[in-house]
Amino acid sequence: MLEIGTNAHPSPHSNARYILLAKQKVLTLQQQFLFTLSDFHPTAQMRSVFVGQFEGQDLFVCYFPHSPKGFEEVGLRDMLFSTDETYFGVLSRAHQLATWDADHQFCGRCGNPMTQKHDKEHAKLCQHCNTRHYPRISPCIIVSVRKGKQLLLARSFIMPEGRYSNIAGFVEAGETLEQAVQREVFEEVGVHIKNLEYRGSQPWSFPHQLMVGYFAEYDSGELCPAPDEIAEAGWWDYDDLPNIPNPASISGQLILAHADIIANESA
Ligand SMILES: [Zn+2]
């Protein structure tokens with residue numbers, strides 16, 4: 001298990017393990033992605049961030065502008081479907097911390113270089129204006145909507161034809177999670193929903209979302225897909241679902257769990 005902990009953050013050392021990234025890709029060797037310092041050559045352009053303790057050892061993420069020779073590059077999304085949940089959680093955290101480090105090299109308030117990291121938490125303190133910068137985490141809601149024995153599924157223009165998913169979207173400033181669920185469903189497909197039920201969450205490092213999953217029930221309105229966003233939307237029988245997201249994602253989990261509940265009611 002990964003321990004995030006609150007002890008002082010160490011600097012990279014020879015008894016630690018390393019996750020390597022380049023150009024948003026995970027670097028692997030024979031499907032392994034945890035390395036020791038002797039497995040690669042640190043370069044001047046490489047940056048590193050402490051991730052936590054994993055299996056009793058300090059873990060760092062190092063990222064390079066270009067992939068060092070000999071490594072394979074694998075997309076983080078592909079790792080989600082080929083790695084178990086624990087390992088994916090570790091990769092996901094490493095990727096988010098590397099993104100934060102790369103995106104906060106200068107203070108967003110005064111523009112000075114950010115050279116000082118907090119020694120016990122993931123925060124950078126601007127020495128010029130004292131602003132603290134933490135890793136960005138962007139809450140997003142995702143909801144499986146039910147109408148009788150049917151589930152609402154939609155396809156956005158960025159999804160391939162024949163592939164359907166739940167309604168999802170970013171939480172706006174000043175909004176509750178529940179307001180975001182209601183708003184997104186109405187904006188994307190034009191219906192009102194009721195009886196929201198929280199079902200769980202999943203960090204989604206593409207690049208820094210936290211997906212917050214809900215069930216809801218249809219209340220009123222006719223399906224009317226948002227013309228600039230949703231290519232098609234419809235109600236699907238729980239036992240005749242189309243191509244849906246992989247169950248490693250919360251989207252796939254919500255749909256399958258909702259269909260399962262309806263199946264049990266119908267039995
Ligand atoms: Zn500043």
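Good morning. I begin with a definition: a residue is called buried when its relative accessible area is under 20%. The structure shown above is a predicted model.

The protein donors are the SG atoms of Cys107, Cys110, Cys126 and Cys129, each lying 2.3 Å from the zinc ion. Along the chain, these donors follow the spacing C-x2-C-x15-C-x2-C. Cys107 and Cys126 link distant parts of the chain, being 19 residues apart. Cys107 sits in the loop between helix 2 (85–103) and strand 7 (124–125), whereas Cys126 sits in the loop between strand 7 and strand 8 (132–133).

Which geometry do the four donor atoms adopt around the zinc ion? The angles they subtend run from 101 to 113°, and the arrangement is therefore tetrahedral.

Are Cys107 and Cys126 buried or exposed? Cys107 has a relative accessibility of 4% and so counts as buried. Cys126, at 1%, counts as buried because that value is under the 20% cut-off.

I now move to the nonpolar cores. The largest has 31 residues, and those with the most contacts inside it are Ile19, Leu59 and Val61. Among the elements that give two or more residues to this core are strand 2 (17–22), strand 5 (57–64) and helix 4 (250–266). Helix 2 provides the largest share, seven residues. Because domain 1 (2–103) and domain 2 (138–266) both give residues to this core, it lies between them.

Leaving aside residues up to four places away in sequence, Val61 touches several residues, including Ile19, Leu21, Val49, Ala94 and Ala98. A second, separate core of 19 residues includes Val181, Val189, Tyr214 and Ala216.

Definitions and conventions:
Residues are numbered from 1 along each chain as its sequence is written. This is a predicted model: local features need pLDDT of at least 70, side-chain atom pairs count only at pLDDT 80 or more; totals for chains, interfaces and linings use all residues. Side-chain values use heavy atoms; hydrogens and water are left out. Donors are N, O and S atoms within 2.8 Å of the metal (3.2 Å for Na, K and Ca); water is not among the atoms, so sites may look incomplete. Four donors count as tetrahedral if all angles lie between 85 and 135 degrees; four count as square planar and six as octahedral if opposite donors are over 155 degrees apart and all others between 65 and 115; anything else is irregular. Helices (H or I, at least four residues) and strands (E, at least two) are DSSP runs, numbered from the N terminus. Buried means under 20% relative accessible area, exposed over 50%, partly exposed in between (1.4 Å probe, protein chains only). A nonpolar core is a set of buried Ala, Val, Leu, Ile, Met, Phe, Trp, Tyr and Cys residues joined through side-chain atoms within 4.5 Å. Domain bounds come from an automatic or database domain assignment. Contact means heavy atoms within 4.5 Å.
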